[in-house]
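The sequence and structure follow, and the notes after them are grouped by topic.

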Amino acid sequence: MCEVKKLQKNQPAVSASWAMQNYPSARDAERSLLIDKAPLTHGCRVVDIQAAGGYLADGVYQKLEGDVDLICIEPTKALNERLSSNYQVVEDNIEHWKSIESKSVDVVLGLAGLHHSNNQQATIDEAYRVLKQGGCCVICDVMQGSSVALWLNDYVHNNSSDGHVGSFLQPQQLSIMMKNTGFNDVQESLEAVPWKFQEQSDVARFFKGLFSLQTTQQEIQEAVPRYLKITSKGDITEVSWELIYGVGYKPLT
Ligand SMILES: C[S@@+](CC[C@H](N)C(=O)[O-])C[C@H]1O[C@@H](n2cnc3c(N)ncnc32)[C@H](O)[C@@H]1O
């Protein structure tokens, strides 16, 4: 294990593109749950906050068979270059979406990125501003103090090329931020959304790529169980993963 790095804001980490390409269904549970919680209809206009390479946007595009107007906010060029040409790419920072008009969007989605916002309330306020009356915002992210939080801010931070410093969510924090800005019918829940793999050895390979880890696959294979629970369910290997999900609606009037 290399020397312990100080926890300070770092460059956006850029995952290896092959990680999601080679293991496209590993994170399906967390993405499907987010999509299922959103009122997605054909022809709707959707914002994906911190879209990275488009994993969430691709899921929405598939669900609506391409009949969707997708706006992907991704300021990191090395990531937004991976986005499909079917999507509109916006490079605004996630605290201020100056390229997106007010009251112009039906659904705002955020998959596991809010922890990199320098002002989470401002990001949620922007979601509210761009939504039409009656629009919906669904966001999920890591819970403070959880095993996932420790994996990211300890192991990934100390063993990846750019480090990882996330400001994770306290329980109810997401609801409070949504209510602060005016969302109604706010629902919040902590959900188990395990990552799934065909082979146990896939876990270390996927983690190495997704988190740009500098350690060997052998070292990662030994490290993961110190943070996350690995269980075999039939032919599937599951890695424990849990996220807080928040849903809120913009009032109709
Ligand atoms: C946390 S992941 C989430 C990506 C995507 N929603 C998904 O689920 O695959 C990557 C996102 O966080 C941003 N990011 C990563 N590291 C960051 C950092 N150190 N500072 C700010 N943003 C960062 C990236 O620009 C990207 O939008």
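Contact here means heavy atoms within 4.5 Å. Helices (H or I, at least four residues) and strands (E, at least two) are DSSP runs, numbered from the N terminus. The model is predicted: local features need pLDDT of at least 70, side-chain atom pairs count only at pLDDT 80 or more, and totals for chains, interfaces and linings use all residues. Residues are numbered from 1 along each chain as its sequence is written, and side-chain values use heavy atoms, with hydrogens and water left out.

**Helix H3**

- Tyr 55, Leu 56, Ala 57, Gly 59 and Val 60 of H3 are buried, that is, under 20% relative accessible area with a 1.4 Å probe and protein chains only.
- The cover over these buried residues includes H1, H2, E1, strand E2 (69–73) and strand E4 (105–111).
- Just after H3, Glu 65 adopts a positive phi of about 50°.

**Largest pocket**

- A pocket is an open set of points on a 1 Å grid over the protein atoms alone, where a 1.4 Å probe fits and protein lies on both sides within 12 Å along at least five of seven lines; lining residues have an atom within 4 Å of a point.
- The largest pocket has a volume of about 1300 Å³, a volume being the space filled by probe spheres set on grid points joined across faces, edges and corners.
- Its lining comprises 49 residues, and Ala 13, Gln 50, Ala 52, Glu 74 and Leu 79 lie nearest the centre.
- At least two lining residues come from each of helix H1 (17–22), helix H2 (28–36), strand E1 (45–49), helix H3 (55–63) and helix H6 (147–159); H3 gives the most, with four.
- By class, this lining has 23 nonpolar, 17 polar and nine charged residues; Ala, Val, Leu, Ile, Met, Phe, Trp, Tyr, Cys and Pro count as nonpolar, Asp, Glu, Lys and Arg as charged, and the others, Gly among them, as polar.

**Second largest pocket**

- The second largest pocket has a volume of about 170 Å³.
- Among its lining residues are Tyr 23, Pro 24, Lys 196, Phe 197 and Ile 236.
- H2 and strand E7 (195–197) each supply at least two residues of this lining, which divides into six nonpolar, three polar and three charged residues.

**Sheet E7-E9-E8**

- Three strands form an open antiparallel sheet in the order E7-E9-E8, two strands being paired if DSSP finds at least two bridges between them.
- E7 and strand E8 (230–233) are the edge strands, each pairing on one side only.
- Four bridges join E8 to the antiparallel strand E9 (residues 236–239), and Thr 231 stands opposite Glu 238 in E9.

Technical notes
Buried means under 20% relative accessible area, exposed over 50%, partly exposed in between (1.4 Å probe, protein chains only).
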